[in-house]
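Please look over the sequence and the model first.

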Amino acid sequence: MYPLIGITCSYDEDTKKFTIGDDYVQAIQAAGGVPLLIPHRSNEHAASLLTKLDGVLLSGGGDIDPFYFDEEPLPVNGYIDPLRDSFEILLTRMALEQGVPVLGICRGMQVINVAAGGGICQDISLMTNRPLQHSQQAPRWYATHNIKIFKSSLLQRILGRDMVRVNSFHHQMIDNLGKNIVISAMAEDNVVEAIECTDDKNFALGVQFHPENMYFKYPFILSIFIAFIEACTQFLSSKN
Ligand code: MN
């Protein structure tokens with residue numbers, strides 16, 4: 001049996017369409033999972049939905065409503081999708097409680113931290129006075145800045161490297177960490193580039209970069225998805 005992986009989507013208010021990059025779908029398939037796109041329209045069904053899933057992939061997207069980390073919105077905060085925020089945070093909290101593996105990408109990493117009670121800095125410029133270029137001016141697959149991976153972290157075990165060059169499409173960054181969340185990688189300007197959950201029963205990994213756009217050109221980065229799917233397969237067999 002292949003594990004069933006729920007992938008969260010973006011929503012376009014103008015066209016009334018849920019959207020998701022094909023690269024997420026292909027990466028899950030390449031790593032041995034069955035992708036299932038999940039719309040954020042049914043908070044009351046989130047618990048039922050989660051019982052059918054063997055893993056949750058939180059995709060990238062816009063900014064989270066600062067309400068969820070007890071801040072008022074600053075002018076630098078971007079467009080927010082209230083329904084997506086509430087659905088993803090609810091789903092992630094339940095997944096963490098139940099030990100359903102979670103992989104968060106970009107916004108998805110920030111959702112993991114907020115669901116665990118942590119905060120987000122609403123713009124990188126507010127926390128560092130000499131930031132790197134985190135909104136890269138280059139093709140999406142191209143790796144533009146280095147990240148230092150912390151020794152003995154889950155991400156270090158997955159990638160087997162202390163330094164990796166990654167792509168970058170974000171203007172916000174992780175601030176205070178949520179419960180059981182630790183930093184697993186940072187850029188040179190101390191911007192958090194990966195987090196993970198210290199609770200042994202949970203595979204919960206968040207990356208600020210976009211491995212789904214990179215693995216075609218940098219095959220080693222697919223190991224992030226392979227490790228996630230391995231955890232989902234284990235979770236699936238533990239249910240039976
Ligand atoms: Mn970055």
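Are H134 and H170 buried or exposed? Both are buried (under 20% relative accessible area; exposed is over 50% and partly exposed in between, with a 1.4 Å probe and protein chains only).

## Basis

The model is predicted; local features need pLDDT of at least 70 and side-chain atom pairs pLDDT 80 or more, while totals for chains, interfaces and linings use all residues. Residues are numbered from 1 along each chain as its sequence is written, and side-chain values use heavy atoms, without hydrogens and water.

## Manganese site

H134 (ND1), H145 (NE2), S168 (OG), H170 (NE2) and E193 (OE) are the protein donors of the manganese ion, at 2.2 to 2.3 Å. Donors are N, O and S atoms within 2.8 Å of the metal (3.2 Å for Na, K and Ca); water is not among the atoms, so sites may look incomplete. Along the chain the donor spacing is H-x10-H-x22-S-x1-H-x22-E.

## Aromatic pairs

The whole structure holds 5 aromatic pairs (ring centres within 6.5 Å, using the six-membered ring of Trp; planes under 30 degrees apart are stacked, over 60 edge-to-face, the rest tilted). One of them, W141 with Y142, is edge-to-face, at 5.6 Å between centres and 85° between planes. W141 is partly exposed at 33% relative accessibility, and Y142 is partly exposed at 38%.

F203 and F228 have ring centres 6.0 Å apart and planes at 35°, so this pair is tilted. F203 is buried at 12% relative accessibility, and F228 is buried at 0%.
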